[in-house]
Amino acid sequence: MRTMRIIPGDRMPALEARLAGKGVKWALAQEKPEKLALLAFYRGIFCPICRVWIADLDRLVPQFEKRGVSVIALSSDRKEGAEKAIAGWGLKRLRVGYGLDPEGARKAGLYVSEGRGLNAATGQKEPRLFVEPAILLVNPAGELYAAWIQSTPYARVHLAEILTAVDNFTAKNLPAPRGTA
């Protein structure tokens, strides 16, 4: 079933996951950032490009937090995959959520793909359904503020540019979001 994409200013759908290493539930509705929440969606432990991208995000977490931005990486991985990502990818600062419902992600406007068996680069099995990469910025009221959404794992958005965008948004006291026409 296809759903309409939400636009900036719309209330985000209920997104939930479990936090790796903690086992507690994470819910977007409970996320109360000072300025914005950064939700980084990645394909899963099987994706070699995700490894580099999410490790870069892990390195930048203190910079985002200094700007009042909470950060979480989310995937449809199982608990084992998320914990393997934390250990194998050397993640030290980033909250990693697993068990994201692909249908919930689809309601948030993200692209969902079907697994194609073994990933040639890693030799790991792709899950039946998983979310393609995206960055969503959500304001404290739970509304989409900005989005970088992909239908393919290639040509990822540079996280340093997202940091610059956050600086621009916050310097202007979070002006009305763009893309609402």
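In which handedness of crossing does H1 pass H4? The crossing is right-handed, and point 2 gives its setting.

1. Basis. This is a predicted model, in which local features need pLDDT of at least 70 and side-chain atom pairs count only at pLDDT 80 or more, while totals for chains, interfaces and linings use all residues. Residues are numbered from 1 along each chain as its sequence is written, and side-chain values use heavy atoms, with hydrogens and water left out.

2. Helix pair. Helix H1 (residues 48–66) packs with helix H4 (residues 159–171) at an angle of about 25°, and their axes are 10 Å apart. Helices (H or I, at least four residues) and strands (E, at least two) are DSSP runs numbered from the N terminus. Axes are lines fitted to C-alpha atoms, for helices over the stretch in contact, and angles run from 0 to 180 degrees between N-to-C directions. H1 and H4 are therefore roughly parallel to each other (angles under 35 degrees; over 145 is roughly antiparallel, 65 to 115 roughly perpendicular, the rest oblique). A crossing is right-handed if the near helix is turned clockwise from the far one by less than a right angle, and left-handed if anticlockwise.

3. Residues between the helices. On the H1 side, Trp 53, Asp 56, Leu 57, Leu 60, Gln 63 and Phe 64 meet Leu 159, Ala 160, Ile 162, Leu 163 and Val 166 of H4. Contact means heavy atoms within 4.5 Å. By class, the contact of H1 with H4 has nine nonpolar, one polar and one charged residues (Ala, Val, Leu, Ile, Met, Phe, Trp, Tyr, Cys and Pro count as nonpolar, Asp, Glu, Lys and Arg as charged, the others, Gly among them, as polar).

4. Salt bridges across the chain. The structure holds seven salt bridges (a side-chain nitrogen of Lys or Arg within 4 Å of a carboxyl oxygen of Asp or Glu). One of them joins the side chains of Arg 43 and Glu 132 (2.9 Å, N to O). Arg 43 lies in the loop between strand E3 (36–41) and H1, and Glu 132 in the loop between strand E7 (129–131) and strand E8 (134–138), so the pair ties together parts that are 89 residues apart in sequence. Both Arg 43 and Glu 132 are buried (buried is under 20% relative accessible area, exposed over 50%, partly exposed in between; 1.4 Å probe, protein chains only).

5. Asp 167 and Arg 67 meet through their side chains in a salt bridge (2.4 Å, N to O). Asp 167 is in helix H4 and Arg 67 in the loop between H1 and strand E4 (69–74), 100 residues apart. Asp 167 is partly exposed at a relative accessible area of 30%, and Arg 67 is partly exposed at 23%.

6. A bridge within a helix. Arg 106 forms a salt bridge with Glu 103, their closest N and O atoms being 2.9 Å apart. The two are three residues apart in helix H3 (residues 102–107), and so are separated by about one helical turn.

7. Two buried residues. Ser 75, in the loop between E4 and helix H2 (79–88), counts as buried at 0% relative accessibility. Leaving aside neighbours within four places in sequence, Ser 75 is in contact with residues including Tyr 42, Gly 97 and Leu 100. Ala 134 lies in strand E8 and counts as buried at 1% relative accessibility.
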